[in-house]
Amino acid sequence: MAVVGIDLGTTNTVVACVRGGRVQVAADDHGRRLLPSVVSFHPNGDVLVGQAAKERRVVDARNTIASVKRLIGRSWGSDEIRRSRERFAFELKEGPGQGPLVVARGQEYTLPEISAFVLKRARQIAEAALGETVDRAVITVPANFNELQRAATKVAGRVAGLDVMRIINEPTAAALAYGLGRATHERIAVYDFGGGTFDCTLLDLSGNVFEVLATAGDSFLGGDDLDLAIAERMAEAFLHTHRYDPRSDPQAFERLRVAAEAVKVSLSTTDRTQTRLREVAFGVGGAHLDLDFGMTRDELEMLAAPLVERTFAVCQEALSMARQPVTGFDKVILVGGSTRIPLVRRRVEQFFGTQPLDRVNADEVVAIGAAIQAAALTEVARRRSIPPAPVPAVRKSVPPEDDEPDEITIATQVPAQIAQLQKSTRAPDLSAARAPLTPAVLERQGDPPPDTATTIPRPVAYQDILRSTLRLDPAAAEAGRAEAVPAAPPPSAPSSVPPSPRSSGARSSSAQRAATEVAPDAPVLVDVTPRALVVETVGGWCDVVVQRNAKIPCERTRAFTTSSDMQTAVHVRVAQGEEAVFSGNTFLGEVELVGLRAARRGEVTIQVRFEVDESGTLNVYATDVATGREAHALLQLVGISGAPSVQKMRARHATARLR
Amino acid sequence: MSQASVAGWLAVLDDLTYYELFGLTVDASADDVRSAFHAFCEIFHPDRYFGSPEADRIGVSTIFKRATEAYLVLSDAGLREHYDAQLRGAQGTRPQRISFSSRSRPPASRSPGPAKLEDSVRTPTARPFARRAEELIGAGDLRQAKLQLVMANHMDPQNEALETALKDLETRLAERR
């Protein structure tokens with residue numbers, strides 16, 4: 001059984017696997033490593049995937065589905081679906097739960113089902129290349145994919161018979177593939193300009209830790225847009241010579257788009273290109289109308305410039321979120337086919353002031369990173385051991401009636417007067433008031449002490465923790481104090497420990513000590529939520545519960561009160577986005593909490609807890625503070641809840657003849 | 001892995017200040033905070049326990065979630081200042097986690113921009129944006145003011161005054177249209 005990493009792209013899909021410490025990109029029986037993310041339903045009932053399907057695009061555009069990634073996880077009413085219906089030749093219709101459906105040869109398919117065909121083919125390619133079954137995968141998505149898009153991608157994986165171990169962000173995967181940060185601390189910008197989307201992700205790396213500082217993206221900005229612009233130019237030329245607009249015929253326009261892509265690609269290496277397209281359309285008496293089209297690189301750059309400039313607006317957004325200057329990055333990584341355009345490279349270099357890296361194939365880099373992550377997740381044996389817990393300066397959990405002095409655990413470095421203070425003012429149990437971000441916590445007991453400067457006990461350093469136990473003995477305290485002097489990392493520390501030249505005494509050494517036992521090389525990704533998670537409040541406004549670009553996994557709690565008299569139920573409506581008005585964001589779903597005490601408005605407090613796990617999956621809990629009644633919802637995600645079950649989709653998949 | 005050590009961490013988790021969690025002193029620099037968080041990630045990131053029994057995974061995840069919260073606060077100058085003040089002001093009953101004042105949200109008020117928005121800003125980076133926004137509101141250029149306020153909100157997230165100001169402004173912009 002093998003685990004693979006899959007880059008399920010808008011245009012192409014790539015699958016890779018770690019074998020004996022080396023990453024291998026799987027090639028099909030023709031030696032092709034890029035699998036076009038295209039599915040075509042053949043009249044004979046076969047389902048074509050990849051190159052064969054892509055070739056059908058020019059003859060059977062209506063039943064050939066491409067760029068599904070632009071649509072997956074979006075609701076029928078969304079702008080994106082509306083825009084796509086204008087530009088795609090295949091038919092879309094509204095399905096249950098606002099999920100869009102693709103109609104091909106009289107059959108309706110959900111979008112995850114279409115993606116699943118691609119994933120299934122990718123899986124077959126990997127199995128053939130590896131000679132063993134593939135049952136688990138890490139699949140990548142654009143960093144700015146929302147909750148619904150991620151969930152839909154997971155469904156696609158399951159329909160394809162894969163256990164989706166993790167959904168990771170493409171730019172983070174790219175950074176993994178470069179294996180950067182191993183030796184030093186560095187800041188990396190990932191410029192990911194693909195077929196359909198653009199993302200800019202900023203990372204801070206040291207040792208094995210990949211911390212995402214910020215990510216921003218535009219999910220409707222990619223190489224496809226440039227193809228379209230070139231195709232428009234072709235259509236104009238055709239109209240000019242033949243007085244016939246090929247845009248009125250989807251099939252003809254599709255041909256122009258395919259030709260436009262070839263023009264774009266060739267202008268990355270040449271300065272001028274000339275194409276002749278035969279029989280684009282038919283004129284009076286069946287005369288075939290051809291198109292002769294020439295373009296120079298300068299002309300292409302004129303078309304591309306506005307698109308490229310839009311990418312830097314996105315980069316700027318990420319930079320301001322990360323509070324980093326544009327020149328603060330040691331390396332810039334290029335990802336995605338559109339970064340082959342010379343103009344893009346020039347502008348990236350100008351913008352970041354450093355020559356971008358392209359050592360790893362821009363088409364494969366994401367899949368390679370995904371494979372590394374898949375391998376890292378399965379390498380459980382190489383885990384680092386957990387050091388003993390630190391000793392808090394104050395233990396509030398000590399029951400107030402118990403006054404035995406040795407029950408109070410005081411850290412070595414707590415000044416004596418603090419210890420005194422703690423003993424004398426030990427408060428009643430605060431556990432009820434401990435929830436974060438609620439008004440309750442702010443209530444303090446008593447006035448601040450006169451000299452506030454001395455009331456911050458110095459915390460326990462890890463050095464001390466290693467020596468001390470919950471009950472402190474003087475010898476250990478002495479040893480702890482001696483250790484607390486800033487010390488350089490031991491020279492014998494294994495290389496996998498972040499050597500971090502900037503580390504200082506305040507930094508713990510426990511990690512380094514623990515590391516001497518095992519030396520995991522597997523990277524750790526600390527990813528972020530791409531968009532804010534909000535709940536609806538009175539008047540249709542939003543209250544942000546989890547901010548944009550919060551590190552995950554995380555947990556946040558917010559308290560709300562009822563908004564009308566005698567209200568006994570609340571619907572906590574959840575959305576994702578940055579708009580202040582709730583309806584301006586992507587609606588995710590709602591949690592219902594019933595059986596509230598009937599009271600005047602504002603008298604009943606509801607606590608809403610958002611939990612985002614390491615995959616970025618959201619759990620929402622609502623609790624009635626007075627009764628402790630809790631409602632929990634794995635949000636019923638819009639567009640997915642109404643879709644047929646995974647089992648049903650899998651059954652249909654099983655009968656499809658994949659070619 | 002040792003069940004006992006996870007249990008040990010969980011037992012004291014609510015008693016630890018953010019500094020204690022990372023083994024830092026209150027005067028730790030931004031680089032110290034980052035390094036300590038990265039060291040913490042190497043040990044506690046849930047990905048390290050992918051195949052472990054569920055109880056362990058939940059435990060580690062709980063510990064790590066506290067760390068992301070602590071890192072958020074300690075790596076943001078404004079939040080850290082707020083948290084330090086909270087620690088200082090709380091005597092023996094230190095609330096170990098950050099807390100914000102109640103943010104009940106009455107319908108957006110119709111009053112023009114607050115008199116001194118700049119004063120409610122908690123981070124130095126947000127201040128110039130808030131100041132400029134106020135000037136622009138005064139000059140009647142609401143569109144530009146909105147951009148400045150959006151930036152101020154970015155620089156100083158979860159600042160109630162800034163958020164309210166932005167919403168007021170958006171309401172006014174909507175009315176204009």
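A word on the model before we start. It is predicted: local features need pLDDT of at least 70, side-chain atom pairs count only at pLDDT 80 or more, and totals for chains, interfaces and linings use all residues. Residues are numbered from 1 along each chain as its sequence is written, while chains are lettered from A and ligands numbered from 1 in the order in which they are written.

Chain A, then. Here 4 strands make an open sheet, ordered S21-S20-S23-S24, with antiparallel pairing. Strands are DSSP runs of E, at least two residues, and helices are runs of H or I, at least four, numbered from the N terminus. Two strands pair if DSSP finds at least two bridges between them. Look at the edges. S21 (541-546) and S24 (586-593) of chain A each have a single partner strand, so one side of each is left without a neighbour in the sheet. Neighbouring strands are turned by 35° against each other on average, direction ignored; the axes are lines fitted to C-alpha atoms.

Now zoom in. S20 of chain A, residues 533-537, pairs with S21(A) over 5 bridges, antiparallel. Leu533(A) sits opposite Val546(A) of S21(A).

On to chain B. What does its secondary structure come to? 8 helices and 0 strands. The chain is divided into domain 1 (3-89) and domain 2 (117-176), with bounds from an automatic or database domain assignment. The C-alpha centres of these two domains of chain B lie 33 Å apart.

Last, burial. Of the 177 residues in chain B, 49% are buried, meaning 20 or more other C-beta atoms, placed from the backbone, lie within 10 Å of the residue's own.

Methods
Axes are lines fitted to C-alpha atoms, for helices over the stretch in contact, and angles run from 0 to 180 degrees between N-to-C directions. A residue is buried if 20 or more other C-beta atoms lie within 10 Å of its own, exposed if 12 or fewer, and partly exposed in between; C-beta atoms are placed from the backbone.
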